[in-house]
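This briefing is meant for a reader who is meeting this structure for the first time. Please look over the sequence and the structure shown here before turning to the notes that follow.

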Amino acid sequence: MKKAHILAIAVIAVAIGIIMSAAGDASVYVSFKEARERAAEGNLTKVHVVGRLPRDGQKNILGLEYNPVLDPNYFAFTLVDTNRIAQRVIYFNPKPQDFDKSEQVVITGAMRKDIFVADKILLKCPSKYVEKDIKGATAAVN
């Protein structure tokens with residue numbers, strides 16, 4: 001065999017290895033119900049869950065538990081998924097900045113018994129500009 005053929009086979013083998021490792025690390029979007037079912041079956045692969053934070057009448061988040069003095073790497077909250085199932089979530093890292101302002105939350109992790117243990121939290125914060133603020137800030141045209 002020529003050196004070029006051996007090199008091409010080696011490059012193809014490396015590419016297949018990279019693709020296989022990336023595919024094994026990919027996670028899917030599910031509801032809390034599906035995450036519980038996967039955990040009950042013994043499937044502990046990471047999943048994404050999209051949800052909203054439950055709020056009271058004053059727009060305060062319900063079920064938020066974070067005390068940085070006691071343990072800065074323990075953050076717990078309740079998340080309601082798209083099927084309106086509420087689930088307790090634990091995140092073993094500090095509370096993300098602007099968590100209180102977020103409209104929607106995407107968590108990555110897996111169910112452990114009755115608790116969802118999150119590895120990552122992605123926040124969808126409200127728009128920087130609100131429609132009524134933009135209208136009030138624009139100059140009037142005569």
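Leaving aside its neighbours within four places in sequence, Pro54 touches Asn60, Ile61, Leu62, Thr78 and Val80, and Pro54 itself sits in the loop between E2 and E3. The model in which these contacts are found is a predicted one, with a mean pLDDT of 84 for the protein chain. The points below begin with the overall layout and then turn to confidence, strands, aromatic rings and salt bridges.

**Overall layout**

- The protein chain contains three helices and seven strands, and, read from the N terminus on, its elements follow the order α-β-α-β-β-β-β-β-β-α.
- Of the 142 residues that make up the protein chain, 25% count as buried, while the chain exposes about 10200 Å², of which carbon and sulfur atoms supply 58%.
- When contacts with a separation of 6 or more are considered, residues 24 or more positions apart account for 51% of them in the protein chain.

**Confidence in the model**

- A pLDDT of 70 or more is reached by 83% of the residues of the protein chain.

- Strand E1 (residues 28-29) pairs with E2 in the parallel sense, over two bridges, and His48 in E2 is the bridge partner of Tyr29.
- Strand E2 is mostly covered, given that five of its six residues are buried.
- In the loop between E2 and E3, Pro54 has its C-alpha 9.5 Å from the C-alpha of Phe77, although the two residues are 23 residues apart in sequence.

**Aromatic rings**

- How many aromatic pairs does the structure hold? The structure holds six of them, and one of these pairs, formed by Tyr66 and Phe75, is edge-to-face, with 5.7 Å from centre to centre and 85 degrees between the planes.
- The two partners of this pair can also be described by their accessibility: Tyr66 is partly exposed, with a relative accessible area of 28%, whereas Phe75 counts as buried at 0%.
- Ring pairs link Tyr66 and Phe75, together with Phe77 and Phe99, into a cluster.

**Salt bridges across the sequence**

- The structure holds four salt bridges, and one of them joins the side chains of Lys46 and Asp119, with 3.1 Å from N to O.
- Because Lys46 lies in the loop between helix H2 (32-40) and strand E2 (47-52) and Asp119 lies in strand E7 (residues 115-124), this pair ties together parts that are 73 residues apart in sequence.
- Arg88 counts as partly exposed at 25% relative accessibility.
- A further salt bridge is formed by Asp98 and Lys101, whose closest N and O atoms are 3.7 Å apart; here Asp98 counts as partly exposed at 36% relative accessibility, while Lys101 is exposed, with a relative accessible area of 54%.

- Is Glu65 buried or partly exposed? With a relative accessibility of 38%, Glu65 counts as partly exposed, because buried means under 20% and exposed over 50%.
- Between Glu65 and Ala76 the C-alpha to C-alpha distance is 5.0 Å, while the two residues are eleven residues apart in sequence.

Technical notes:
Residues are numbered from 1 along each chain as its sequence is written. This is a predicted model: local features need pLDDT of at least 70, side-chain atom pairs count only at pLDDT 80 or more; totals for chains, interfaces and linings use all residues. Side-chain values use heavy atoms; hydrogens and water are left out. pLDDT is the predictor's confidence in each residue, from 0 to 100. Rings of Phe, Tyr and Trp (its six-membered ring) pair if their centres lie within 6.5 Å; planes under 30 degrees apart count as stacked, over 60 as edge-to-face and the rest as tilted. Buried means under 20% relative accessible area, exposed over 50%, partly exposed in between (1.4 Å probe, protein chains only). Helices (H or I, at least four residues) and strands (E, at least two) are DSSP runs, numbered from the N terminus. Contact means heavy atoms within 4.5 Å. Accessible areas come from the Shrake-Rupley method with a 1.4 Å probe; for residues, only the protein chains shown count as cover. Two strands pair if DSSP finds at least two bridges between them.
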